[in-house]
Amino acid sequence: MNAPVRPESCGIDLARERGQRAVFCGLTGIVWLHRKIQDAFFLVVGSRTCAHLIQSAAGVMIFAEPRFATAILDERDLAGLADAEDELDRVVERLVARRPDIRLLFLVGSCPSEVIKLDLSRASLRLSRRLAPVRVLSYSGSGIETTFTEGEDACLAALVPELAEALPAPEAPAGEAGLLVAGALGDVVEDQFARLFADLGIPVRFLPGRSAGTMPAVAPGQPFLLAQPFLAGTARALEARGLHHLPAPFPLGAEGTTGWLRAAADAFGVDPARFEAATAPGRRRAATALAPHRARLSGKRVFFFPDSQLEVPLARFLAAELGAEIVEVGTPYLHRGHLAHEIAGLPPGTRVVEGQSLDDQMDRARAARPDLTVCGLGLANPLEAEGLATKWSIELLFTPVQGYEQAGDLAELFARPLRRRGLLEV
């Protein structure tokens, strides 16, 4: 699924690198997932380092009671002196007794739990039987050979086998069950898309639902759109249940959103006039919101370090809609099927690097001296100290950026570091 794209077939300058990487682990996805699924709880089975990471990333106040926690693996667990499964059962039972509002509990694996070979999938089956009606699922958020957005992918992939099946009548068309949109979206963005699909006459459900009881039912032959480019595992799980993926650009910026909606409209046979009427107001508002940012970003040279897997769609947005010059697009993985439309939207000859050799990419960034560098938190301070303006890539996950109404907000995220740098230079 992640086989490399042949550069001669798509007009880009594609390279692959292997070496030292600098990315967060998949535990970070809990920060937005626990806000999305409102009666779910995420229990990380890991070390105190895992707990500090999640607490720091979420910025939780000391008196807050969030819907995530860490079951600490200490030295006795790691040395095999204690029965980690018995201890985990006690922690989970105490948690559910204390929080009767929990309806869905995720056991989230980490590097330490994987090192001691703790079988969380078996634990989740055992605890689901014991704690019914609370459903217990498991997935890995380990940072071993993964990047941080894969935490969401693993979480949604774990949900897919649990989704109810909505079988249409035998004579009904394949799209009778409606459209499924996979990927965690901000509630405001989800509501906007729901209204747009209603205007197009397309019934739609979203994965994940906002609660354990509102997870969508799925049916064989049902089409689905991905809202995020990093959901390769989720897509495979949906296809294993008989759904089929609609190839499309991702809904970032006006052009990406229009292409994303058009893929659904074509699949459901929406009349072109109806599509134009439903999308024209949003396209006009997006154009108005983008205009002032285009003046600031046009001609600016942008360098992407690999981090979130959003890099290719973002580069397409910056180049096509804001006139930026893309120096290099680094991305952890390049899924040739899911990103085909995005790759086609890049300027010919754009350098795209799959994977990472950190020292080599740092050298290229220093030599290029781009106007803006999009990177992870760990690289931002060193690059800022060297006089390079940076944008934290993780902020693009925490902020609602999809759709027409957020196009201006997305552009603002890139314009803000340049504006700040200009003020500092004065």
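The structure is a predicted model, in which local features need pLDDT of at least 70 and side-chain atom pairs count only at pLDDT 80 or more, while totals for chains, interfaces and linings use all residues. Residues are numbered from 1 along each chain as its sequence is written, and side-chain values use heavy atoms, with hydrogens and water left out.

The protein chain holds 17 helices and 14 strands; helices (H or I, at least four residues) and strands (E, at least two) are DSSP runs, numbered from the N terminus. Its radius of gyration is 22 Å, close to the 22 Å given by the globule rule for 426 residues, so the chain is as compact as a globular protein of that length. The radius is taken over C-alpha atoms, and the rule is 2.2 Å times the number of residues to the power 0.38. Along the principal axes, the C-alpha atoms fill a box of roughly 60 × 60 × 45 Å.

Of the 426 residues, 55% are buried, where buried means under 20% relative accessible area, exposed over 50%, and partly exposed in between (1.4 Å probe, protein chains only). The accessible surface of the chain comes to about 17,700 Å², and 54% of this belongs to carbon and sulfur atoms; areas come from the Shrake-Rupley method with a 1.4 Å probe, and for residues only the protein chains shown count as cover. Among contacts (heavy atoms within 4.5 Å) between residues at least 6 apart in sequence, 74% join residues at least 24 apart.

Helix 2 (residues 48–58) has Cys50, Ile54 and Ala58 as its buried residues. Seen down the axis of helix 2, these residues fall within an arc of 55°, so they line one face; the arc is that of the directions from the helix axis to the C-beta atoms. An α-helix has 3.6 residues a turn, so residues three or four places apart point the same way. The other side of helix 2 carries the exposed residues Arg48, Thr49, His52 and Ser56. Packing against the buried residues of helix 2 involves helix 1 (30–36), strand 2 (40–46), strand 3 (68–72) and helix 5 (111–115).

In helix 14 (358–368), the buried residues are Leu358, Gln361, Met362, Ala365 and Ala368. Their arc, viewed down the axis of helix 14, is within 135°, so they line one face of the helix. Asp359 and Ala367 are exposed on the other side of helix 14. The cover over its buried residues includes strand 1 (13–17), strand 10, strand 11 (325–331), strand 12 (351–355) and helix 15 (377–385). Helix 14 is followed by Arg369, with a positive phi near 50°.

Most residues other than glycine have a negative phi, and most peptide bonds are trans. Gln309 also has a positive phi, near 70°. This residue is found in the loop between strand 10 (301–304) and helix 12 (311–322), and Gln309 counts as buried at 8% relative accessibility. A cis peptide bond with omega of about 15° joins Ala132 and Pro133; Pro133 lies in the loop between helix 6 (120–131) and strand 5 (135–140). Another cis peptide bond, with omega of about 5°, joins Leu207 and Pro208, and Pro208 lies in the loop between strand 7 (204–207) and strand 8 (223–226).
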